[in-house]
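Biologist: Could you walk me through this one? I'm new to reading structures.

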Amino acid sequence: MNDTIRKLYTRPSALIAWGLVLIFVVVGVLFKAGLVSLNTATIAMDLMVNIGLALSLAIIMSYAGYVSFGHAVFYGLGGFLTGYIVYNAVQTAYTANPQNFNLTFGRALGWWLEGAVLGALASAALAGTVGAAVLRLRGAFFAIATIGLDYAVLYLVKLYHNPLSGSADIPVTQLGAIEGFFYKTYVLVTVFFIVTVIVAYLARVSKFGYGLSAIREDEDAAEVLGVDTTRYKVYAFILSAVLTSLWGSITVWRQNSFGVDIMFSLRESVHMIAMNVIGGLGSFLGPTLGGMVYYALYRATLTKLANSQFIVVGIIVILFISLLPEGLVGLVKLVRPKLRKYID
Amino acid sequence: MAAQLKGARVALEVDNVTKRFGGLTALDHVSFKVYEGEILGLIGPNGAGKTTMFNVITGVYKPEEGRVIYYGEDITGLKPHVIARKGIARTHQVVKPFNELTVLENAMIGALFGTRHGQITEEEARSIAMEILEFVGLAEKAEEPAKVLNIQEKKRLELARALAEEPRLLLLDEVLAGLNPTEVAHMLDLLRKIRREKGVTMIMIEHVMHAVMNLADRIVVLHFGRKLAEGTPEEVARNPEVIAAYLGDPELALKFVRRLGGV
Ligand SMILES: Nc1ncnc2c1ncn2[C@@H]1O[C@H](COP(=O)(O)OP(=O)(O)OP(=O)(O)O)[C@@H](O)[C@H]1O
Ligand SMILES: [Mg+2]
């Protein structure tokens, strides 16, 4: 165990992640000091969310080799339950005392936590039941089943009608009016980014990570070698789902709204998968790099191409899969084979 | 050897095992015992049910009938990883390396999840793995990804991974298949070294007749899922039924026996 913890501050891959954390912290501090623009700080925050989501999915997809198209479900569940709870709480508090209604960050954060915990529990429950059943399938069959899961939950949530918004979508615009909301949210995102980095890194380099690698490479051989493959897969799926759900909760908080068709959309799953593919499967470093590069591509094409940008992003993903199936990490291994042993 | 074995403990007992695949009976009421410290050869024509027997012993398949008893404990129907942790390791006829992982990592996984599962640190697993890689002659490939190994190295890796589990019973499924004569000789040396230095009980499935006849203390012959014969290599090689069903040429069979004299 101590061996594993030590890797967190000695291994190069972990140090790269800590370098990123440092950059994000510095950006936050400079923003607070008025030396960095809102725009730059927003980009930093977007990067954390993207890398965070890539790492969340990586635990099951990249480490264990199970490509899940169903992660939008967990992202959406976290978002939906957080939006619902925060919105209801805000409305109730307002109705009770409209004159003296004063929404502080701390009070709202308490509700957010409630929603985030609820979303995480719901995601864990879903991953531990339906996920466990679906994890009996392999390869394409697993992937297809997770697409089914995504649609099933999307349409189930759509049945819910929020009386005020007239659909399942939930506006939590009151949050944006909170004094210092942006900066405090930046801190929240940074804290959660650090949590994700630590969890995802330890899941990779611990004994658990060895087991997942074995499962990815040859599940039958892993089982015969003593790896409790069923349990490991389910644990990986639950961990991955919970992290994804928490990022969903953060997204709703940041954006002050929950949109059912956006957050539960298969497109969200595809983003997470694309980041892992671009970065390269099997490592912690892959999704970390993939999350950054994917977001950079997204930014670069955003203004110029507006809605057609996903065509370009899609083509780039296809190019990666066909020309560089091992992703950016594979490129590193190709150019500098000696670096292989530093890539966790 | 057979005389020594009289007093030895029974490591594994296969008791009346039947395994069917749909209409096909791959194993038909097969029974045999493996004594601690011995090497049991398991031979028979293609499709006789040899690999299926390994799959039943390791829990990959559950038999329709019969039991598998390991050191007095009924392990029938337990999950493969549970059986592995009790000390039964195997190699695969068709090698199953963890391709993207290094040779060392492959062996480490054996050590981490094998019989010492849960009582061993990563560093200990690493040194056990390294020791085993030295033992099988793969140490200089330790940092290479397993996918770059050639077939005989992959066979050694299978063996290394299984040995890293520190098993009491090792099941070898055609570790000599696909090797050229020099490689076969090297592998045989290695198997002898395993028996000499590790004292592991072994069952070996093998088509390379002179090798089994040489190494095994006793041999069980399977034919269409049934146990056709059991005995010392000599007894088996002289058995007319075995000659007819599997060994073919009686002259050849005798040659194996003669070669035995020289070993
Ligand atoms: N999973 C399976 N499903 C259906 N039939 C199977 C399965 N596994 C094995 N069989 C069949 O069971 C019989 C025994 O196969 P097995 O692999 O045990 O033979 P073997 O003695 O190992 O042969 P070989 O020497 O060719 O390796 C064969 O007819 C085979 O086709
Ligand atoms: Mg076979």
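Biologist: What distance separates the centres of domain 1 of chain B and domain 2 of chain B?

Modeller: First, this is a predicted model, where local features need pLDDT of at least 70, side-chain atom pairs count only at pLDDT 80 or more, and totals for chains, interfaces and linings use all residues. Residues are numbered from 1 along each chain as its sequence is written, chains are lettered from A in the order in which they are written, and side-chain values use heavy atoms, leaving out hydrogens and water. Domain 1 of chain B covers 2–87 + 168–260 and domain 2 covers 99–166, bounds that come from an automatic or database domain assignment. Taken over C-alpha atoms, their centres are separated by 24 Å.

Biologist: Which element gives the largest share of the side of domain 1 of chain B that touches domain 2 of chain B?

Modeller: Contact here means heavy atoms within 4.5 Å, and 21 residues of domain 1 of chain B touch 16 of domain 2 of chain B that way. Elements giving two or more residues to the domain 1 side are α3, β7 (169–173) and α7 (181–198) of chain B, with helices (H or I, at least four residues) and strands (E, at least two) being DSSP runs numbered from the N terminus. The largest share, 9 residues, comes from α7(B).

Biologist: Now chain A: which residue of it forms a salt bridge with E122(B)?

Modeller: A salt bridge is a side-chain nitrogen of Lys or Arg within 4 Å of a carboxyl oxygen of Asp or Glu. Chain B and chain A have 2 of them. In one, the closest N and O atoms are 2.7 Å apart, and the partner of E122(B) is K7(A).
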